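Okay, thanks for coming, everyone. Let me put the structure up and we'll walk through it.

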Amino acid sequence: YNHSSNSVDVSGCILTDDPTTNRFVIPSGTVIGPAGFVAFTQPQFGFTLNGAGETLYFIKPDGSRVLDAMQFGAQADGVSYGRWPDGANDFYAFTTNTPGAHNSAIRIGDVVINELMYDPISGNDDDQYIELYNKGTNTINLSGWQFTAGVTFTFPPNVLLASNGYLVVARNLTNLLAKYTNLNTGNTVGNYTGKLSHNGELVALSQPESFFGTNTVYVEEDEVTYGTGGRWGEWSSGGGSSLELIDPRSNHRLAANWADSDETHKSAWVDIENTGVLDNSSNYEAGILHAQIGLLDAGECLVDNIEVDYNGTNCVSNGTFENGLGLTNWSLQGCMVRSSLENSGYQSSYSLHIRSSDRLWTGDNSCQVSLVTNTLQAGQTATLRFKARWLRGWPEVLLRLNGNWLEATAAMP
């Protein structure tokens, strides 16, 4: 294909699968017009491409330069492969063979890699899994299929994936069945060896095909080279989400067609509380004192019923966000400036939705609230307590008194 705006003479150029041998020299007078094509059939070029995969080279007539090269893997019977769109970098299988013309739409197989849990928030890689989905109309027998990149796994006999059905492949089957009540040995298999990279990598699923009637090759059914952050999602990289395919009919290689799973409805409100003596600190501020709350790293959570109990009085002037007060007396600072009032709370109508892009820091990165007292006395006892519910990202939230008198922190489920 000539992707330029000028005609190009390719006479004498070499097509070969062995860079040391000129297997086929393109005939003289072969000129490709702007955005034009030239195609050669096997009887013309005279050598046989290896259906199990190899590399094809396009070389200058004098052999001084490789103009282009294509390394391809095992190919399905009767399916052509090439650049899509014409002249682009990536190679795909096509729905239709179009020699000498524009490449057709890319072929997307019925069995797709649908979800990846590659960096569990638990920090335990035994919580990893890969989910497959059958978007086709027929049940597919996955016996003998393999993951040929990313992890290693061969599907055992009689593994059937029904139309519109899902199958989970676990790194640790026993562990996964214990954690997810919706999984069982009918919809989950394992164990794969290796592990999914926390930093992104190629994952490829391949099916076996007979090659010349005697050998078996593994033809790629689906692949994705996932990444972390940016278009690949923020929370699937250790933030509690998996990476999910948005539409199984879309191009699975593009980051825009993947997204973080939404786990925000799965957690529960918890009590976090600490009682201690006010010591080893001081009142940092003259006049109005403050309490600060926030996450210990990037993430989101809800907090409600915030209390600083000092001498029997709750010193937080607006800790429930009710009665039309909204965020009165609150200041959203630094990396938590995007926090906001949430229209639901702990058995109430409102709470504070903390959105943190970094970590809590005294007076700079926090959600800060004024206290109704203007002094705290050393040697006295105080209690910090609040309700919290995890949404995404880092699971630890902390409430503290400005002046380092006391803190209350815990991990949310």
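So, let's start with Arg83, which is buried at a relative accessible area of 18%; buried means under 20%, exposed over 50%, and partly exposed in between, using a 1.4 Å probe and protein chains only. Quick caveat: this is a predicted model, where local features need pLDDT of at least 70, side-chain atom pairs count only at pLDDT 80 or more, and totals for chains, interfaces and linings use all residues. Residues are numbered from 1 along each chain as its sequence is written, and side-chain values use heavy atoms, with hydrogens and water left out.

Back to Arg83: you'll find this residue in strand 7, residues 81-83 (strands are DSSP runs of E, at least two residues, and helices are runs of H or I, at least four, numbered from the N terminus). What does the side chain of Arg83 reach at 2.9 Å? That's the backbone oxygen of Ala88. Not counting residues up to four places away in sequence, Arg83 touches several others, including Asp68, Phe91 and Asn103; contact here means heavy atoms within 4.5 Å.

Now over to Ala298, in the loop between strand 22 (290-295) and strand 23 (299-310). Its C-alpha atom is 4.9 Å from that of Ser356, though the two residues are 58 apart along the chain. Ala298 also touches Ser356, and among its other contacts, not counting residues up to four places away in sequence, are Trp235 and Trp394.

Zooming out, the protein has two helices and 31 strands. The C-alpha trace spans about 95 × 55 × 35 Å along its principal axes, and buried residues make up 44% of the 413.

Note on methods. A polar contact is a pair of N or O atoms within 3.5 Å; within protein, one must be able to donate a hydrogen and the other to accept it, and residues adjacent in sequence count only if both atoms are side-chain atoms.
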